[in-house]
2 protein chains.
Amino acid sequence: MALVVQKYGGSSVADADGLARVARRIVATRAAGHDVAVVVSAMGDTTDDLLDLTREITRKPTARELDMLLTAGERISMALLAMAIHELGHPATSFTGVQAGLRTNDEFGRARILDVAPDRIRSVLDDGGVAIVAGFQGGSADDDVTTLGRGGSDTTAVALAAALDADVCEVLTDVDGLFSADPRVVSLARQLPHLSTEEALELSAHGAKVLHLRSIEFARRYDVPLHVRSSFTDLPGTWVSDDPRVVPQRPVPHKNQEDPMEEPRIRGLAHSHDQSKLTVVNVPDVPGRAAAIFAVITDAVESLDMIGQTHTASDTGVIDFSFALPVEDAHKAVEALQARQSELGFTAVTRDDSVGKLSVVGSGMRSSPEVPATLFRALSAAGITVHLLATSEIRLSVVVEGSQLDAATQAVHTAFGLDVELDEDGVPSDGSPRALAHAGSGR
Amino acid sequence: MALVVQKYGGSSVADADGLARVARRIVATRAAGHDVAVVVSAMGDTTDDLLDLTREITRKPTARELDMLLTAGERISMALLAMAIHELGHPATSFTGVQAGLRTNDEFGRARILDVAPDRIRSVLDDGGVAIVAGFQGGSADDDVTTLGRGGSDTTAVALAAALDADVCEVLTDVDGLFSADPRVVSLARQLPHLSTEEALELSAHGAKVLHLRSIEFARRYDVPLHVRSSFTDLPGTWVSDDPRVVPQRPVPHKNQEDPMEEPRIRGLAHSHDQSKLTVVNVPDVPGRAAAIFAVITDAVESLDMIGQTHTASDTGVIDFSFALPVEDAHKAVEALQARQSELGFTAVTRDDSVGKLSVVGSGMRSSPEVPATLFRALSAAGITVHLLATSEIRLSVVVEGSQLDAATQAVHTAFGLDVELDEDGVPSDGSPRALAHAGSGR
């Protein structure tokens, strides 16, 4: 008997049939002897429909009123889900974020969770009922309704699981789990049975869309085991945790690796098309100028996900700096740089939105020259040029032409021996399930 | 400078254009120097759409979850309305029933208002902003979301106006006000510039659908002047109040009335097709038996709106009782009577759903034999038989064949001199506006 928090995304509750299917799954979990608290997103396209309506009214909606509007979506899905569970003869009670004790700051549209006081949730669970909580929303100290922004429902689920000291937070979605690469791009991608939180963070930060970064950070900080599964199947999914009781510390070695303790272990690839490359042209090559340019950019953009490289032009006394960053941040970075142009002394900022980023995630990345060597060899053999490069302790990222990104991902997946082996019937020889789809799970 | 509470029904905010039109009207009221608090219903068909979705899930939705679901409707309309006002450059803030301090008991689906503590509303008004409040909803002492049932948004508006000590509660709807009869039935119905609360109560209780009974009762108890107007025009509408500063005590006499103080003054007609006639057959004619039968029925049905009459069969020692009551209550009354059949000693209960009720409302009804005489003469001339009759201090109702109800209404309207006079261009000679439509205003 465990306490399970389940999160269902919008695609899992898109219509009455979806709600009924989710209700059956919840009741089955109860029947297996577990306490169940559920976090649910808005149904299917509800949020988009409300945003369309908003655009008919105004081009610049007020943040407070937009939050008030959008939180109607979960109110609808959670009440209907409670009814669907009742229809199966089981007690269930729905709660708004405020009712569930989810307190946030007052940054409408991207509120941060301050505290979760799930007294009412615990009371329902103690009485044997299913508690259903609206994802994505909370309440401020001023008694206003707030939303948590992107990845909000996942974050609600993990925060609730932490507050309830749940045994697991199940993220039920429309894919089978996390994969060694996006199965829509790499047909031989293998499903990963378990990942450390750090690995999951790097994969999600650099392109994998199944789990939102913020929910993994929350899970890591509060030691909540995450279990990503399909809401449409009973396949085993992917566990994300650093707890050795949940996730084995030494994953099964890949076929072409001896896997001694010091060898690098590549877990998977993430890729992202939504990248811009900025180049600051003709920066005077004087001490501190590079640092000043970095400082301007890091001040301007929220998520610092950049790759810098200098191209020194010989004997001119000027250098070029190139950065890659999410395309949604490029505009802000360009504006910030141009505002300081005379002070920084460069002649122009160019922007190229046609690039993409491929990231290899695993352990032992920095200490092993073998990983970049394998990576560059594979890209070179495929005729792909690397524009920029960056590394962290467990990640190595390259920026390439956007049109070559998928080919790069396939080549590198094969080069690192990540491809799943198929038997003569086309069934994976390791018995792992294959992806049915690989899409984001909404908010 | 006054404090105005405005209530807009679902038909007034059915789409983005409607919301923009309502926003302009609100801003114009502000510009005229008034403080404005707004109560808004769910947009157009939102509630019906949510109920359709519910029926796909379950045939017996839980009352608590149904309230949670339906309150999403106002959340959407009020947030969008606030944005539409912002778009015109004016501050506006939306509030749920709970946020507006509307406290109710916990009877989900038909909660009663216990108290309104509009601190946040007052604060917004004090700062010069428009406060927008979700109609139809409140919160229980257990922190659950409740709905007020039929007429809920009107009731919210009047309760808020009372709590704020507003100068007027404007009910903005899709008709021009209250009329001397339903203009869809009586083409020469005249719009009534003012009514006492008692007259408005009788008209609404017996068929007029513009104002909900409950909101008039609230307005009467807390001395809130009601002003029913079209949200589509600037026509003067109908005032409902007993305050002589708001409503003249002596309305303008009709053309065929001398209007001395003691003469009856007919204000208008209400009609209702949704009536059933029950007949309890062969009741033993013993003392107390009639009272016992009345008691059974009044226990069984919520709204006591019945007309009883006895038809004594000579020399048999038994009598028949007939009642008229709303068709939605007929089933309950029949069941209650049949459960006590042996004790009450009657032989059968018959039910006839094909009847209708016409009510004449005005003052001096009981003391003047002239009113029933005029009524019966008009009906007789039109070949219409009266099944049942009931009177109150200011009302006289007759039950007739449902198929003859419209003809009865037209004949009686003319007989009491209520028809508006038209000049040769077809324009009302009294300058009163004419009805564009005459429909209910939703919740």
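Q: What makes the pair A:Asp144 and B:Arg120 a salt bridge?
A: The closest N and O atoms of A:Asp144 and B:Arg120 are 2.7 Å apart. A salt bridge requires a side-chain nitrogen of Lys or Arg within 4 Å of a carboxyl oxygen of Asp or Glu, so the pair qualifies. The model is a predicted one, in which local features need pLDDT of at least 70 and side-chain atom pairs pLDDT 80 or more, whereas totals for chains, interfaces and linings use all residues. Residues are numbered from 1 along each chain as its sequence is written, chains are lettered from A and ligands numbered from 1 in the order written, and side-chain values use heavy atoms, without hydrogens and water.

Q: What makes A:Lys60 and B:Glu87 a salt bridge?
A: Their N to O distance is 3.6 Å, and the limit is 4 Å, so the term applies. This pair crosses between chains, from the loop between helix 2 and helix 3 of chain A to helix 4 of chain B. Between chain A and chain B the count is six salt bridges; over all chains it is 36.

Q: Why are helix 4 of chain A and helix 4 of chain B called roughly antiparallel?
A: Each spans residues 72-87, and they pack at an angle of about 170° with axes 9 Å apart. Angles under 35 degrees count as roughly parallel, over 145 as roughly antiparallel, 65 to 115 as roughly perpendicular and the rest as oblique; the two helices are therefore roughly antiparallel.

Q: Which residues make the contact of these two helices?
A: A:Ala72, A:Arg75 and A:Ile76 meet B:Ala72, B:Arg75 and B:Ile76, where contact means heavy atoms within 4.5 Å.

Q: How is the extent of the interface between chain A and chain B expressed?
A: The buried area is about 3,300 Å², with 62% from carbon and sulfur atoms; this is the accessible area (1.4 Å probe) that two parts lose on being put together, summed over both. In chain A, the residues losing the most area to chain B are A:Ile57, A:Arg75 and A:Met83, together 22% of what that side buries. By contact, 41 residues of chain A touch 41 residues of chain B.

Note on methods. Axes fitted to C-alpha atoms, helices over the stretch in contact; angles between N-to-C directions. Helix = DSSP H or I, 4+ residues; strand = E, 2+ residues; numbered from the N terminus.
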